[in-house]
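Subject: Structure for you to look at

Hello,

Please open the structure below and keep it in view while you read. My notes follow it.

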Amino acid sequence: MVLGVNLTNHQVLIGKDEWLFLKNDTNQLIRQITGEVTVSDSLINHWSNTLKLRLSFFRARKISYTYICAPNKECVYDKYLPDNIVLSEKRPIGIFRPVFENILEDSFCYPLKELQNGIIYTFSKGDTHWNQYGAFIAYEALMKSMGVDNKINIEDVDFISVKRKGDLMSKVSDTLLDDTVVAKIKNSSSIEIEFDNHVRNRGKLVVINNSKALNDDTLVIFRDSFGSALIHFLARTFRRVVAVWQPNIDIGIIEIESPQYVVSEQVERFMISPPNDISDKTHNQICASKKMFKKYYKTI
């Protein structure tokens, strides 16, 4: 490992060729990917019922619904894991995936192979999240699942290498920067931030309008931190994007926005904690629980 780093941080796993991975997190990521975490029948049934209810709700309103599962970095680049950590086909996604595919069919997207086969790295060594090239690969897979033909193509994007602080790198060094990739999109756009509640992480809601977008449609995405880089492309693809950082579907937002498309994005390691669209907090309830400055999204 490079000199000057803290090798004792309990949340960082040092892999081969100086690749950093997450460990000892609340979702027990390493135990998940090695197949040690048991997926109960109740969890499977919970996901099955949730997806069926979502599909019924959106079909009745003629809204396209797609779920994209962001693969764990540890699963995309398992070749860089230490030799004693072996990826298992019995990890949670291996059990949940048939359920999702049976109910959602092509509207379920898990772009593991696409991210593994990128012409450049889709993740950086020092961050848990895909870089903007990885996000573009996921975006391409998402557009295919959604059936959207009018999209950003790879020739419309310049991918540029930069140095930034990675979330894992920051845990082991105060000074080292991570080599990552950002995307410069060539398409003309007219991005306008209509609303931003300035909440950090869960509870954040941003409304983006783009009169020069490729499609004159509204998309609502319920997402986690992996969605941040996806929004970079979605905001240039759809005239209006409402990005909501929470796992459950907030029906009130759907009723207000009347979108043509709804997307759920969730990283693989979070799937063992399925949301409840009926009893979980609404967006404004989540926002109200945050001890920071916030603005409330309009309600019916």
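Two strands pair if DSSP finds at least two bridges between them. Helices (H or I, at least four residues) and strands (E, at least two) are DSSP runs, numbered from the N terminus. This is a predicted model, in which local features need pLDDT of at least 70 and side-chain atom pairs count only at pLDDT 80 or more, while totals for chains, interfaces and linings use all residues. Residues are numbered from 1 along each chain as its sequence is written, and side-chain values use heavy atoms, with hydrogens and water left out.

Strand 8 first. Strand 7 (residues 191–196) pairs with strand 8 in the antiparallel sense over five bridges, and Ile191 stands opposite Asn210 in strand 8. Strand 8 also pairs with strand 10 (residues 238–245), antiparallel and over five bridges; here Asn209 faces Arg240. Six of the six residues of strand 8 (residues 205–210) are buried, so the strand is largely enclosed by the rest of the structure. Buried means under 20% relative accessible area, exposed over 50%, partly exposed in between (1.4 Å probe, protein chains only).

Next, the aromatic rings. Rings of Phe, Tyr and Trp (its six-membered ring) pair if their centres lie within 6.5 Å; planes under 30 degrees apart count as stacked, over 60 as edge-to-face and the rest as tilted. The structure holds 24 aromatic pairs. One of them, Trp19 with Tyr80, is stacked, at 4.7 Å centre to centre and 5° between the planes. These two residues are 61 residues apart and link distant parts of the chain. Trp19 is buried at 1% relative accessibility, and Tyr80 is buried at 9%.

Regards
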